[in-house]
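Please look through the model below with these numbered notes beside it.

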Amino acid sequence: MIQKINIKKLVANPNNPRTISQGKLDKLVNSIKTFPEMFELRPIVVDKDMVVLGGNQRLLASIEAGLKEVPVIIADNLT
């Protein structure tokens with residue numbers, strides 16, 4: 001179930017191996033701002049402790065976009 005969660009509750013995954021260039025981050029920020037419906041279709045996936053399992057770049061872009069809440073799926077059975 002997708003929920004809207006305060007972005008300050010989410011924790012970026014310290015073990016995330018992926019990085020994003022500034023150019024791609026800028027494009028992602030723009031995409032989130034101009035097409036928020038797509039973000040709703042691809043929410044950030046977190047564990048029960050609110051650590052991001054999928055969507056670390058979307059979290060970073062959401063912070064840069066100034067969002068206060070983001071769509072999240074809590075997958076309490078994943079680590």
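1. Lys 4 is partly exposed, with a relative accessible area of 47%, where partly exposed is the class between buried (under 20% relative accessible area) and exposed (over 50%), found with a 1.4 Å probe and protein chains only. This is a predicted model, in which local features need pLDDT of at least 70 and side-chain atom pairs count only at pLDDT 80 or more, while totals for chains, interfaces and linings use all residues. Residues are numbered from 1 along each chain as its sequence is written, and side-chain values use heavy atoms, with hydrogens and water left out.

2. The side chain of Lys 4 meets that of Glu 40 in a salt bridge, at 2.9 Å from N to O; the term stands for a side-chain nitrogen of Lys or Arg within 4 Å of a carboxyl oxygen of Asp or Glu. Because Lys 4 lies in strand 1 (residues 2–6) and Glu 40 in helix 2, the pair ties together parts that are 36 residues apart in sequence. Helices (H or I, at least four residues) and strands (E, at least two) are DSSP runs, numbered from the N terminus. Glu 40, at 30% relative accessibility, also counts as partly exposed.

3. How many salt bridges does this rule give? The count comes to two, and Lys 48 forms one with Asp 49, where the closest N and O atoms are 3.7 Å apart. Lys 48 is exposed at 58% relative accessible area, and Asp 49 is exposed at 51%.

4. Which residues touch the most other members of the largest nonpolar core? Of its 16 residues, they are Leu 10, Ile 44, Val 46, Leu 59, Val 70 and Val 72, a nonpolar core being a set of buried Ala, Val, Leu, Ile, Met, Phe, Trp, Tyr and Cys residues joined through side-chain atoms within 4.5 Å. The elements that give two or more residues to this core are helix 1 (22–34), strand 2 (44–46), helix 3 (56–65) and strand 4 (69–74). In soluble globular proteins, nonpolar side chains tend to be buried together.

5. If contact is taken as heavy atoms within 4.5 Å, Leu 10 touches Ile 5, Ile 44, Val 46, Met 50, Leu 59, Val 70 and Val 72, leaving aside residues up to four places away in sequence.

6. Asn 15 lies in the loop between strand 1 and helix 1 and is exposed, with a relative accessible area of 66%. Asn 15 and Leu 53 are 38 residues apart in sequence, and their C-alpha atoms are 9.5 Å apart in space.
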